[in-house]
Amino acid sequence: MSYLRPGALCVALAAAFPAVATAASDADLKQLRQQLKELRDSYQQRIEALERRLAETEQRAAGAATAAAAAGSTASTAVQSVAKVEARAAEAQATADRVARRPASESAFNPSVSLIIDSKFTRFQRDPSAYRIDGFIPSGGEVGPPRKGFSLGESELAFSANVDHLFRANARFALAEDDGEGVVEVEEVNVETLGLTSGLKVKAGRFLSGVGYLNQQHPHEWDFADAPLAYKAFFGYRLQNDGVQLRWVAPTDLFLELGTEVASGQKFPGAERNRNGAGLWTAFAHLGGDIGTSSAWQVGLSHVRTNPRERGFEDGADATGTALAHSFSGRSQTWIADFVYKWAPNGNSSVTNLKVQGEYFQRRETGDLNYDVGGLAEATSAARFRQSGSYLQAVYQFMPHWRVGVRGDWLRSGTADLGSLDPAGLPLLAAYNPSRQSAMVDWSPSEFSRLRLQLARDKSRNGESDNQVWLQYIMSLGAHGAHKF
Amino acid sequence: MYSKLMFHLAALLLAVLALPAAAALNVFATVPEWAALAKEIGGERVQVFSATNALQDPHRIEAKPSLIARARASQLVVATGADLEIGWLPVVLRESGNAAIQPGQPAYFEAASAVRLIEVPVRLDRADGDVHPGGNPHIQTDPRNVLKVAEALAGRMSRVDPAGAGAYSANLARFSERWKVAMVRWEQAAAPLRGVPVWVQHRSFAYLADWLGIKELGALEPKPGVEPGSAHLAGLLERQKATPARMILRAAYSRPTASDWLGDRAGIPVVVLPFTVGGSPTAADLVSLFDDTVQRLLGGLR
């Protein structure tokens, strides 16, 4: 059997319908009329029922109207609250309008970005590339002054944003040029908790250690163009950790913060290491408060402990001119005591204010000094160092936007017990107390720009006094987060 | 030495933990006006701390250790918002380690969210000075705003401390009744100020001017947060000759130099307004703040 084609089916249907229409008989018509009549009767009944119900409802409505009249006062209050609600709705609409104007794109969630440009013009008597701090094992950090003349310093590019309801992340990169090549340094990349209670905070990643006072401040926040000598000698200008930090703020009116960090300790005063676990530990406590409305203070005590192995440094040269590579292995402990005091009349720092700060460092290192005497010969001896340093500075804003400051730096090479080694072979570690005096004046037309002139007499090098002139500008672009105290 | 230090720290810690827990709701207000308002609404149930005083420039506050300590122990933060506290509050809140008071949480309240801000900048550029992207944040100079903030704050306090909801709404009702009566009084007294042209030191009184119909001819600051230079002031003096203002308004915390200079040259009074609670000896609470403000403005007319 073959299937019906659609065309054929259509033709067949078209032929069938007229046949049905003509087939309707008179009997059918009568039946239809009967049905219509029944339908009409049934509708009549239903309409009557509806009319009865309507009448009942009208009676009830009359009753309700008297009730409504009685509730007249209630209604007026209702009108008032309606007006209130309307006013609120208008406000909500205004807010909604404001919200609607915001960009609804993904970029609304972009992290806040800030760029800090820092450039210097300097005049030095001594060669900055030959900079060293006599009496101290070199820290290997960027401790030297910038090059003579114009120099484009580090530009800091920073990003920060809340990641989600639990974490906030910060990233800060330093863009610089080293011997004509662009260099990107990772200054900070860390994540901190937002949701911990009881005053606890955890930070992990690379961060500036919470020890001391100045350590956590970025170079653009410094009151002078360069870091204190003590920071340069003891931490290679600042202690930067790769690790975890735990901090706790006490629930007291007096500010008390306790913190501890475990970190890799790959950098001075630690040394490169290839081992599991942590290589550097810190603990710190800060206490702070107000004296009246005009003064605020903070003091702190910090401890840094690490066990560097084969921490290398160079001093002197052999007969062929090759630098002699020495190394130290042992235990290094640093204590820091810091204070800062700020004064402003009635706490209003916009016209005049004073800031005095100082820190004292003490480091003890005991271990073995591996001493390169040239050629293949080496000597090892137990060694012991006890060194200290401090700085004290005061910055006074004498009128809006203008500040002057002075700073004194002192280091004491202290006692260096080289055991069986001949101290004459290590001229760098010969006893010497470096010092430096600096004075600066800066002008900040707004919170985002600063121009500075700094004069300094730097006696870091034994017998070579370096008179320095610095001109510096610092510019902050984009989101500029609030500074710490 | 190390163990001794640790012993002392442990002893200190114990002493700290042994402190009696405060029963009241600890409120951390960023500025005196919201501290006063929180006291009105909270009454006996709250312990209010004001982070700043009326003689401090609210734009230049530092994240002092004492503020971090107070934020740590607080259960509600009442801020102005609109970026007024951008220079210090974010650090204080983050450093406090108190998760409950972070922005977005119920215990973080911004007064500016309850009112409609004016002077919202149409372009954002730091070349325009210290601009606030959300609009002018000095909302407390209009009592109508204070009432709106009071209503929103009472709601928020009830949410943070549900046990005190009854007390907060009763206090709000009392406050708003008293406030409305006072507003009628101020508006009647200040009727002569309608349409009076004035100079302002900083755009601190935009809401006040809006409320009383005072006509602000302009600000002494060429741009928000920028000190006026002598050339700019000389230009204002010229404008003063063409369109004379009746007085110069400045807040209690601001520097007198520029306004006094112009006031002397133009021969018009410099009216120092309290700006917030505590800004003058008589402005001890919110009602007396506006009493004093209106009195001083009327004094400037004479």
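**Sheet, helix packing and chain contact in a predicted model**

Strand 5 (residues 197-200) of chain B is joined to strand 6 of chain B by four bridges, and the two run parallel. Strands are DSSP runs of E with at least two residues, helices are runs of H or I with at least four, and both are numbered from the N terminus. The model is predicted: local features need pLDDT of at least 70, side-chain atom pairs count only at pLDDT 80 or more, and totals for chains, interfaces and linings use all residues. Residues are numbered from 1 along each chain as its sequence is written, and chains are lettered from A and ligands numbered from 1 in the order in which they are written.

B:Val200 stands opposite B:Ala219 in strand 6 of chain B. The open sheet has four strands in the order 6-5-7-8 (chain B), with parallel pairing; two strands pair if DSSP finds at least two bridges between them. Strand 6 (215-219) and strand 8 (270-273) of chain B form the edges, each pairing on one side only. On average, neighbouring strands of this sheet are turned by 30° against each other, direction ignored. Helix 10 (residues 286-301) of chain B lies across strand 7 (247-251) and strand 8 of chain B. This helix runs at about 180° to strand 8 of chain B. Angles run from 0 to 180 degrees between N-to-C directions, and axes are lines fitted to C-alpha atoms, for helices over the stretch in contact.

A helix pair was also examined. Helix 3 (residues 65-72) and helix 4 (residues 89-96) of chain B pack at about 55°, with their axes 8 Å apart. The two helices of chain B are therefore oblique to each other (under 35 degrees is roughly parallel, over 145 roughly antiparallel, 65 to 115 roughly perpendicular, the rest oblique). Helix 3 of chain B contributes B:Leu67, B:Ile68, B:Ala71 and B:Arg72 to the contact, and helix 4 of chain B contributes B:Val92, B:Leu93, B:Glu95 and B:Ser96. Residues are in contact if their C-beta atoms, placed from the backbone, lie within 7 Å. Five of these contact residues are nonpolar, one is polar and two are charged.

Between the chains, 39 residues of chain A are in contact with 34 residues of chain B. Strand 9 of chain A gives the most to the side of chain A that touches chain B, with four residues. That side has 19 nonpolar, 15 polar and five charged residues. Ala, Val, Leu, Ile, Met, Phe, Trp, Tyr, Cys and Pro count as nonpolar, Asp, Glu, Lys and Arg as charged, and the others, Gly among them, as polar.

Definitions and conventions
Two residues are in contact if their C-beta atoms, placed from the backbone, lie within 7 Å.
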